[in-house]
Amino acid sequence: MMTTNRIFLLFSVFFIVSACASAQMASNPTNNPEQWVSQLEADLADARSQDVNVLSPGLYDQAQSSLLIAKQALERGGKLSAIEKYVAEGNDSLKKAEEIAQVSRTILGETNNARTKALKVGADRLGEPYMAVERQYLKLTKSIENDNLSYAQKNALEVQGAFRKLEIMAIKKSALGNARKMMADADKAKLQKIAPSAYGVAETALNEAEIYAGQNPYEAEMISQKNLHAEFMARRLMAISESSKTFQSMTPESSAIYVENLFAQLGQALNTGDMRDKTVDAQLGALAAAAGTMERNNLSLEKEKTNFQHEIAVLEQQLTGVQGVSQEQADAKDRLSAKSAFNEQFNTVQRYFDADEAEVYKQGGNLVIRLRGIKFPVGQATLTPENYTLLSKVQRAIQTFDQPKVTIEGHTDSSGSTQINHELSLKRAGAVKTYLVANKTLPENHIQAAGFGPDRPLAPNTTPEGRAINRRIDVLISPTQAP
């Protein structure tokens with residue numbers, strides 16, 4: 001940084017140059033007052049884009065005032081000489097402002113850099129915290145205008161640090177704002193009393209994310225990961241709180257029956273049979289075993305796929321030397337190839353979806369995607385943005401099969417009128433079809449929608465859980481070449 005004497009000398013040179021310029025008012029090159037005013041307005045806009053309005057705020061405001069007076073004189077048909085005088089004064093103030101701005105850039109170099117970084121991450125959207133620091137910054141630039149360089153030099157480092165804090169605040173707000181809001185909502189709902197352990201875990205996750213973001217503000221990827229973890233724990237807190245409320249209103253027996261129903265639904269999905277005569281631990285063990293069996297079946301399918309590929313290779317070798325392959329042999333090869341391709345596509349599509357999003361299974365020659373995670377407003381068939389991520393996975397799954405035929409099936413529970421439920425299920429299936437066609441998944445004639453209302457339940461409609469299972473969308477994919 002320059003010494004005080006050298007900076008003062010630089011300031012004095014700029015001041016003398018500007019004083020000479022003001023004493024010798026240049027005449028405007030044309031006699032068009034509108035052009036004079038327009039040019040001054042453009043020069044002020046250009047100076048603002050270079051931060052002259054904050055690097056030399058007083059002189060910039062003088063130039064702005066002169067422009068306003070010149071505009072008013074022009075609008076009321078004032079004298080040409082008066083308009084020229086106001087414009088010249090504006091130009092003179094602006095020139096001085098630009099000279100002082102250059103001095104401010106020299107003295108406040110690092111402070112200006114800190115301010116720029118803070119603005120780049122949206123610190124100006126913090127409201128009063130930002131305005132407070134900005135007022136401190138303007139005191140620095142105004143002191144330079146007033147030839148009080150020592151004040152600017154003395155306080156520049158403090159303001160620089162304040163802008164740095166604003167930058168970190170803005171980064172935290174941008175990255176962690178949703179997690180903060182979720183925890184604030186949890187505080188309003190007094191969830192700490194309902195689920196204290198879950199609340200403590202969620203609070204710790206947010207605090208860790210806050211501390212990491214403060215210490216490593218430019219590690220965007222890791223901050224994002226910690227934020228996602230904090231959001232997950234906040235959602236877990238909400239879920240546990242809801243479950244806690246449910247169990248609080250139950251007797252011990254009704255709580256046991258509630259858990260029994262949950263296990264029964266899982267057992268139905270995993271084909272474990274009725275296990276209600278067993279203890280909770282025994283049921284859980286059986287469900288885990290069934291899930292393990294399903295995993296082994298998937299591995300078996302992978303092995304089966306490998307065997308199919310080997311069989312195809314053997315057939316190709318056998319067919320290489322055969323002249324005039326019979327149609328029967330060709331059909332057998334095609335069927336084997338189609339079956340292998342279908343199994344591979346099935347395994348691929350299964351990996352697209354999480355367990356709470358969809359269940360994927362084979363039904364004859366078709367593949368079925370049962371959308372557990374799709375949500376509609378009550379009694380409506382409008383797709384909300386929260387479904388788009390799931391539907392984009394459905395698009396990807398369909399496109400795995402090139403140009404298949406697709407049927408979208410809508411299903412409801414038994415609540416309300418059967419006719420209304422049929423209409424609602426068809427409309428919801430139609431909404432999914434419209435989304436897929438609009439996003440160029442398949443031509444419209446490759447997709448049809450069907451509504452079955454409450455006719456095909458998967459679970460009893462006597463419980464809220466059963467009704468929730470029955471409200472669903474099934475996507476049936478029929479490959480071009482059946483396996």
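Student: How do you know that the span of helix 2 (residues 33–49) agrees with what 17 residues should give?

Tutor: Bear in mind that this is a predicted model. At 1.5 Å a residue, counted over one less than the number of residues, the 17 residues of helix 2 should span 24 Å, and the C-alpha atoms at its ends lie 25 Å apart, which agrees.

Student: Which residues of helix 2 are buried, and why are they said to line one face?

Tutor: The buried residues are P33, W36, V37, L40, L44 and A47. Seen down the axis of helix 2, they fall within an arc of 95°, so they line one face of the helix. These buried residues pack against helix 3 (52–55), helix 4 (57–75) and helix 5 (80–107), whereas the face turned away from the buried side carries the exposed residues E34 and S49.

Student: What is found at the start of helix 2, and what follows the helix?

Tutor: At the start, a side-chain oxygen of N32 comes to within 3.1 Å of the backbone nitrogen of E34. After the helix comes D51, whose phi is positive, near 65°.

Student: How many aromatic pairs does the structure hold, and why is the pair of F247 and Y258 called edge-to-face?

Tutor: There are 4 aromatic pairs. For F247 and Y258 the ring centres are 5.4 Å apart, which is within the 6.5 Å limit for a pair, and the planes stand at 90°, which is over 60 degrees, so the pair is edge-to-face. The pair links distant parts of the chain, with F247 in helix 11 (residues 220–248) and Y258 in helix 12 (residues 252–270), 11 residues apart.

Student: Why do F247 and Y258 count as partly exposed?

Tutor: The relative accessible area of F247 is 34%, which lies between the limits of 20% and 50%, so F247 is partly exposed. Y258, at 23%, also lies between those limits and therefore counts as partly exposed.

Student: Why is K440 called exposed, and where is K440 found?

Tutor: Its relative accessibility is 70%, over the 50% limit, so K440 counts as exposed. K440 is found in the loop between helix 16 (418–438) and strand 4 (447–451), and its phi is near 60°, a positive value in a residue other than glycine.

Student: How do you know that D474 is buried, and which side chains make polar contacts with the side chain of D474?

Tutor: D474 has a relative accessible area of 2%, which is under 20%, so D474 is buried. This residue lies in strand 5 (residues 472–478). Polar contacts join its side chain to that of R370 at 3.0 Å and to that of R472 at 3.4 Å. Leaving aside residues up to four places away in sequence, the residues that D474 touches include V368, I369, L371, T407 and H411.

Terms used:
Residues numbered from 1 in each chain as written. Predicted model: local features only at pLDDT ≥ 70, side-chain atom pairs only at ≥ 80, totals over all residues. Heavy atoms only, no water. Helix = DSSP H or I, 4+ residues; strand = E, 2+ residues; numbered from the N terminus. Buried < 20%, exposed > 50% of the residue type's maximum accessible area, 1.4 Å probe, protein only. Arc of directions from axis to C-beta. Contact = heavy atoms within 4.5 Å. Polar contact = N/O pair within 3.5 Å; in protein donor to acceptor, adjacent residues only side chain to side chain. Phe/Tyr/Trp six-rings, centres within 6.5 Å; stacked < 30°, edge-to-face > 60°.
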